[in-house]
Every structure is written in C-alpha cells, then in structure tokens.
Amino acid sequence: MSTKGPISQFIEKNYLHFNAAALVDAAKGYETHLLEGGKMMVTLAGAMSTAELGKSLAEMIRQDKVHIISCTGANLEEDIMNLVAHNSYKRVPNYRDLSPQEEWDLLENHYNRVTDTCIPEEEAFRRLQSHLYDIWNKADKSGERYFPHEFMYQMLNSGVLEQYYEIDPKDSWMIAAAEKNLPIVVPGWEDSTMGNIFASYCIKGEFKATTMKSGIEYMMWLADWYPKNSSGKGVGFFQIGGGIAGDFPICVVPMLYQDMEMHNIPFWSYFCQISDSTTSYGSYSGAVPNEKITWGKLDIDTPKFIIESDATIVAPLIFAYLLDQ
C-alpha cells in the first residue's frame, strides 16, 4: 500500500503526459537519488522566496531532503522579509494593467513590486537593515569576516527578529536552514537590496568591503565541500529557474576537473531544471540539459529532467511528493 498522501496520489493519477509527466519523473528521480544515499543541491533563482516557497522548502530542509542551497541574494533576504513584514505586503492581482503612473504611485508609497506582490520598504528592507548593521559593524570593528548567509544566520539565531514575526516560522526556509546550519552559497550577493546597502556603507567609509566574504571565496568553499560530499551516489542538482544561482555552483565540477586537474571528480549525479525560459540563443536558463555534457558538468547517463513550466506551480508539487503528502 502506498504511503503517499492525496497530493502525490493525484499527480501520479493525472500527471501522465508532457510537462506534467516530466514533473512526476523528476520527483521520482529525486526520491530514488535520496534513497540510494545521494545528496541534493537546490538552487533558487527568480523571486521564489517572495512566492513563499518556504511553505514547502522549509520542511524539505527539516527532513534532510536538501543538503545545500545556492540562491541569489534576493532569495536569501526576501524569505526573511516575508517573515517579518508579511502583513504589510500588498498584492496587485491586476499587475498587467498598471499604468506607468500607477507604478510611480507604488514607488511613492514605498512599495517595490515583484509581479503581483509588492514588498514594503519600511517594514521589510529597513527592519532588516537596522539589525544587520549592528552585526556587520561588530564584525568589521573586530576584524572578523563572514559570508552573506552567515550574517543572516547570526541575525536569525540571535532572536532579535522574533518580535516582528508575522508568519509561522515553520514556513521560513531560512529559519529551517539556520537551525541546521545548512550550507548555502550566494553568488553575486551584491546584486541584492542588502548587498546594495552594504556597498553604500563601504562607500561612506563605515565598513571595509573585505568584511563580507566574496563570490570567489564561495567558489573556493564549494570546491572544498563538493569532493567531501560526492562519494557514493554523489550530489544531485535541482535547479529552480536559471541564472547565476544555477550556473555558479554547477561549474565547480568542470573547475575541479579542468583547472585543479582532479580527474577522478564525479559529475553531478542527478539534474533537474524547472524553467519557463524557452530554448534560445545563448541563454543559460534556456539551455537543454545535454548542453551541460559539453561543459563537463553532467555525464552521458546522468538522469536529466527539464520541466518547462512555472516554478511556483511545479516546485511545491515536487516537494509535496517527496514529503509523501
């Protein structure tokens, strides 16, 4: 008798063709990878945190179905923003119909729009900024250096944000990650609101840029982590969207092989991408998985899946399947 819950049973019964079938195949491949002792990296592009992916991703982390995350700086901070300012978010269902003047009015009212969701500047950005400033300042003055996600973990673990919580903390993937001290790489962190704010303090001479560890150091860290975790079944790669969150970490394998001459380094041992980017001219997001063979990222027989659909629909369903829901 199946131990799967009603969501999983529904998709197994109804998701039989095209992208729906690819969803089921990818979920079963992910499950098999874990059952055979493999580890999994999940990469988060786009605005998945603002889409509240934490509702399912947090439980995936708690149940050890995610072993490492690569995300943009926006996803790193926006999960925490939703945690502390959810009630002040503004939904704009008719976002396709907004005029330039209506967009300007949102700006004037300190709302930054992400598709149908507006993030409130005061409650979200400034609330995090004031507490991060204290943490950054302490490290800077004592000559300590940390990665962007480590500063976020320090803030979450200190409890200073608990006074602001506006959602169930079980629905925050960053809280789940902080509790486990989950490895995270955040390539291009400076391309984020908190990254911009940190840069402004450096320009003003308040902080040293080197207080924040860099993307190069993230790659060096990942180059150490990957060989230690890729024995046996190896490490799989579950990519939500495209961009730097995916391309940066997947490149650690060809770098170790070609530039470090570690010729016994294993390829990524599972690959899935959820993407609404059509196969295109030169885009990373639109590249089919087989292109990655030519870059030394995937092997000929690595299980490969691509689901051409909206990740806000697909990822929660795959996670529900893996959680036996």
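**Exercise 1. Find the salt bridge between Asp 64 and Lys 180, and say which parts of the chain it links.**

Step 1. Start with the atoms: the side chains of Asp 64 and Lys 180 meet in a salt bridge, at 3.0 Å from N to O. The term covers a side-chain nitrogen of Lys or Arg within 4 Å of a carboxyl oxygen of Asp or Glu.

Step 2. Now place the partners. Asp 64 sits in the loop between helix H3 (54–62) and strand E2 (68–71), while Lys 180 belongs to helix H8, so that distant parts of the chain, 116 residues apart, are linked. Helices (H or I, at least four residues) and strands (E, at least two) are DSSP runs, numbered from the N terminus.

Step 3. Check the surroundings. Asp 64 is partly exposed at 46% relative accessible area, and Lys 180 is partly exposed at 38%. Here buried means under 20% relative accessible area, exposed over 50%, and partly exposed in between, using a 1.4 Å probe and protein chains only.

A word on the model before going on: it is predicted, with local features needing pLDDT of at least 70 and side-chain atom pairs pLDDT 80 or more, while totals for chains, interfaces and linings use all residues. Residues are numbered from 1 along each chain as its sequence is written, and side-chain values use heavy atoms, leaving out hydrogens and water.

**Exercise 2. Work out which elements helix H7 packs against.**

Step 1. List the buried residues of H7 (residues 148–158): Pro 148, His 149, Phe 151, Met 152, Tyr 153, Met 155 and Leu 156.

Step 2. Follow their packing, where contact means heavy atoms within 4.5 Å. These buried residues pack against helix H4 (73–85), helix H6 (121–142), helix H8 (173–180), strand E6 (184–185), H9 and H10.

Step 3. Look just past the helix, where Gly 159 takes a positive phi of about 85 degrees.

**Exercise 3. Characterise the second largest pocket.**

Step 1. Its volume is about 180 Å³. On a 1 Å grid over the protein atoms alone, a pocket is an open set of points where a 1.4 Å probe fits, with protein on both sides within 12 Å along at least five of seven lines; lining residues have an atom within 4 Å of a point. The volume is the space filled by probe spheres set on the points, which are joined across faces, edges and corners.

Step 2. Of the 15 lining residues, the closest to the centre are Trp 189, Glu 190, Met 212, Lys 213 and Ser 214.

Step 3. Helix H9 (193–203) and helix H10 (215–229) each give two or more residues to this lining; H9 gives the most, with three.
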